[in-house]
Amino acid sequence: MVGIVETVTLGEIIDWLECLPPEDEVVFDFCRASPSGIDSSRGDYAELALKYSFEQTATVRDVLQWCKGAVGATFFGYKGGDYTMTRDTQVWVDQWGEWTGTAIYSMDHDYGQAVIGTKRVR
């Protein structure tokens with residue numbers, strides 16, 4: 001799975017979020033779930049996954065803080081190992097310990113919401 005570029009990078013997410021109002025809500029395109037944190041991806045431990053929640057809301061400020069905090073940070077892989085992330089690290093969408101191959105294919109801003117578009121690719 002390493003080397004297949006089918007989703008955005010951490011740096012691309014950071015650059016996009018830095019252009020948006022910090023108080024705006026961030027949602028995924030599926031059932032308006034909201035990001036709830038970032039962690040090592042189960043698909044490739046050297047990549048990241050934005051987790052999601054249907055019960056809490058994240059703002060641009062929240063997601064930007066998680067993403068900036070991931071640059072240079074070391075994450076523990078699901079089955080072991082330490083992985084240091086960079087701005088070039090790919091970011092997927094999944095819960096900790098799960099792998100659905102859900103990529104981020106678009107990032108839009110509409111009506112005061114930052115909307116992360118997803119699609120299953122792997």
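The model is predicted, so local features need pLDDT of at least 70 and side-chain atom pairs count only at pLDDT 80 or more, while totals for chains, interfaces and linings use all residues. Residues are numbered from 1 along each chain as its sequence is written, and side-chain values use heavy atoms, with hydrogens and water left out.

**The sheet and its helix**

Let's start with the strands. Helices (H or I, at least four residues) and strands (E, at least two) are DSSP runs, numbered from the N terminus; two strands pair if DSSP finds at least two bridges between them. Here 7 strands make up an open sheet with mixed pairing, in the order E2-E3-E7-E8-E9-E1-E4. Strand E2 (34-40) and strand E4 (58-59) are the edge strands, each pairing on one side only. E4 pairs with strand E1 (residues 25-28) in the antiparallel sense over 2 bridges, and valine 26 has alanine 58 in E4 as its bridge partner.

Helix H1 (residues 10-17) lies across E2, strand E3 (48-53), strand E7 (91-93), strand E8 (102-110) and strand E9 (113-120), and runs at about 10° to E8. Axes are lines fitted to C-alpha atoms, for helices over the stretch in contact (heavy atoms within 4.5 Å). Angles run from 0 to 180 degrees between N-to-C directions.

**Arginine 87**

Where does arginine 87 sit? Look in the loop between strand E6 (82-84) and E7. Leaving aside residues up to four places away in sequence, arginine 87 touches Thr9, Leu10, Gly11, Ile14, Asp15 and Val71. Its C-alpha atom is separated by 16 Å from that of glutamate 6, 81 residues apart along the chain.

**Aromatic rings**

Rings of Phe, Tyr and Trp (its six-membered ring) pair if their centres lie within 6.5 Å; planes under 30 degrees apart count as stacked, over 60 as edge-to-face and the rest as tilted. The whole structure holds 7 aromatic pairs. In one of them, phenylalanine 28 and phenylalanine 30 are stacked because their planes are at 15°, with centres 5.3 Å apart. Phenylalanine 30 also pairs edge-to-face with phenylalanine 54, at 6.4 Å centre to centre and 70° between the planes. That pair links distant parts of the chain, 24 residues apart: phenylalanine 30 is in the loop between E1 and E2, phenylalanine 54 in the loop between E3 and E4. Phe28, Phe30, Tyr52 and Phe54 form one aromatic cluster.

**Accessibility**

Buried means under 20% relative accessible area, exposed over 50%, and partly exposed in between (1.4 Å probe, protein chains only).

| Residue | Relative accessible area | Class |
|---|---|---|
| Phenylalanine 28 | 0% | buried |
| Phenylalanine 30 | 24% | partly exposed |
| Arginine 87 | 36% | partly exposed |
| Phenylalanine 54 | 54% | exposed |
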